[in-house]
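The exercises below concern how two parts of one chain meet. Please work through each task with the sequence and the structure open before reading its solution.

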Amino acid sequence: MTSWGKSTSPGAGEPDPSTSPGTGEVASLSGPERALSRGARNHRRTHRLLAGAAAVLAIAALAAGDRTAPAVSATGGARVDIAALARTVEAEEDHVTALELAAWIRERKPGLRVVDVRGAEDFAEFHLPNAENLTLAEVARAPFNPDETVVLYSEGGTHAAQGWFFLRARGIGHVYFLRGGLYEWMTEVVNPTLSADATPAQRAEFARTAELSRYFGGVPRIGGSAPTRVDDPAAELPGRSSEDGGGTTAAVRRVRQRGC
Amino acid sequence: MSAAEATALAVPAVRPAVRAEALPYASPYLAGVGLGLVLLAAFALVGRGLGASGAFSSVAAAGVSAVAPAHAAANPATAEYLGAGGPLRDWLVIEIAGVVLGGFASAWLAGRLGSAVERGPRVGAGARLAYAGGGGLVMGIGARLARGCTSGQALTGGALLSVGSWIFIATAFAAAYAAAPLFRREWT
Amino acid sequence: MIFPLIETETTAGGGAGLGVALVLGVAFGFALERAGLGSARKLVGQFYGRDLTVLKVMFSAIVTAALGLFWLSRLGLLDASRVYVPPTYLLPQAVGGAVFGIGLVAAGLCPGTSCVAAATGRRDGLAVVGGMLLGVLLFAEAFPLFAGFYDSTPRGTLTFPTLLHVSPAVATAALVAMALAAFAGAERLERHVNRGGGS
């Protein structure tokens, strides 16, 4: 048995014939070593084959692109588990609130993708930080990685909810939408309002909300009556009716006037 | 008698156990592809990759729990490795048991079994064992901090393109190269 | 998609999952020993510039598994979102990696290969195993000292495609390109060193 203390096995600090097959050394090798060197040349051919196979598979991967729609057929149909989706909606796991989204953006949640499904002009006028602009048709086709968290938003939330359905139908799990749309963002994040008759618990909550709001260049407000429910986009935004027609455009104008 | 003769007597039916000359090692690329296929099989069969240091943590945790169960349960770093059914129901512990068997089988077939203390020519067995134990201790700490080792983070996380795993690969290799001069006399 | 067949988190170590663990472990250990990584002297050759087996084995394995993962997923056979990806903790993994690397070159074996070495009779492998058990134990007992650091800079599941906003296809192809370049460099370096041109 070879002495392992001063190992003479292959590769132990000496040239390893099986991994360094310099063909120029053949003449200086003994019989058994020459046999090993021939083996090494065979090895080289195998290695070249493996490297070639890897390169081919990698290039083919680039050509093939990613799998886009596991549940969508060539004609665009989809198999959908409606019962499961209904359960998700009832459990309120389909949407996020504006404050939740704001917190995710601020803490730089890894893999977060905020998608604005409005038109390009609206997007150019104002959009959430780091948001991407995709139409609903593009959302239906776009590739999303399994470890990404997608949040869709629109002006009032309806289109975003439709986009949510498309992505869920495609089998993409981590997708949410901003239920109240940009309306909710404006009232909850940019201009959160604490009503005059708030409870201490609400005041404590508001302190946190106010801090988050300021991060986004918002202006928390105190006073006025209790704010209207924001999941009713038809409702007038509190404190706005006296100023102008309300709505996102006006809110955007006010935000931009502050220069954020 | 020599170790070779002793082994040959002890396992008479096992001819390949000891050879006059050990087989040369396989091509590292081929072995690597084989290893990659094993890793892929893990992903496909059980939705997870391979690992090693976690098995050590499980065994250590089980040991602590056997001696001081309340203390073990109270320490989150230990408690996270206390699985129901003990270490023998832990995926990584069973996998490492397999590694031991597989390593033995390969060495047996190639005639590479043998009691020895691998070391360079300038260092004695005792010193080598001390370095090995100390190095193991340091690796244990590093692996716990990094949530894995070369098997769990470098191989598995690397193949999954996880950013933290590649950070681990980079710093581990860099530190090993940087520290290599300190241990040169252990090896050369 | 039929793969993964079992998800270990849901079966909590059920028999089938453990059976798979054993078989995969045997193959794992076999492959490591075949490559010679059960030998500390061969392994440290990586860090003394003579024998880059560690790099070749590791990157070949990573490339094989990554290409396999991409293609199984692309062909609709594997649901990649159900494969567990270890979460990223930037600082602890960077520091842990460095600490690990120092231990690695001192021990000459990593946790997995130390088991292979011990299995084949190498007493230094056994010493590494013992040291590791002690090391993880010490860490656990001293945990309150670095609990804060341990949990710092979490990024959850974070892969390169997500970080760099590229598709998995591009990231995988880039990985393959990098590995092939590394292999070419390694072969050249080994030839240079072993012809006596190096230290």
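**Exercise 1.** How many residue pairs are in polar contact between domain 1 of chain B and domain 2 of chain B?

*Solution.* Begin with the division of chain B in this predicted model, where domain 1 covers 26-114 and domain 2 covers 119-188. Between these two domains, the count is 2 residue pairs in polar contact, with both residues at pLDDT 80 or more. Turning next to charged side chains, the rule finds 1 salt bridge across the interface. B:Glu80 forms a salt bridge with B:Arg144, and their closest N and O atoms lie 3.5 Å apart, which falls under the 4 Å cut-off for such a pair.

**Exercise 2.** Which elements give two or more residues to the side of domain 1 of chain B that touches domain 2 of chain B, and which gives the most?

*Solution.* The elements to list are helix H2 (28-46) and helix H3 (53-67) of chain B, and of the elements on that side H2(B) gives the most, with 3 residues. Sorted by class, this side of domain 1 has 7 nonpolar, 4 polar and 1 charged residues.

**Exercise 3.** What area do domain 1 of chain B and domain 2 of chain B bury between them?

*Solution.* Start from the contacts, in which 12 residues of domain 1 meet 10 residues of domain 2. The two domains of chain B bury about 730 Å² between them, with 67% of that area on carbon and sulfur atoms. Within domain 1, the residues that lose the most area to domain 2 are B:Leu39, B:Phe43 and B:Ser53, which together account for 46% of what that side buries.

Definitions and conventions. Residues are numbered from 1 along each chain as its sequence is written. Chains are lettered from A and ligands numbered from 1 in the order in which they are written. This is a predicted model: local features need pLDDT of at least 70, side-chain atom pairs count only at pLDDT 80 or more; totals for chains, interfaces and linings use all residues. Side-chain values use heavy atoms; hydrogens and water are left out. Domain bounds come from an automatic or database domain assignment. Contact means heavy atoms within 4.5 Å. Buried area is the accessible area (1.4 Å probe) that two parts lose on being put together, summed over both. A polar contact is a pair of N or O atoms within 3.5 Å; within protein, one must be able to donate a hydrogen and the other to accept it, and residues adjacent in sequence count only if both atoms are side-chain atoms. Helices (H or I, at least four residues) and strands (E, at least two) are DSSP runs, numbered from the N terminus. Ala, Val, Leu, Ile, Met, Phe, Trp, Tyr, Cys and Pro count as nonpolar, Asp, Glu, Lys and Arg as charged, and the others, Gly among them, as polar.
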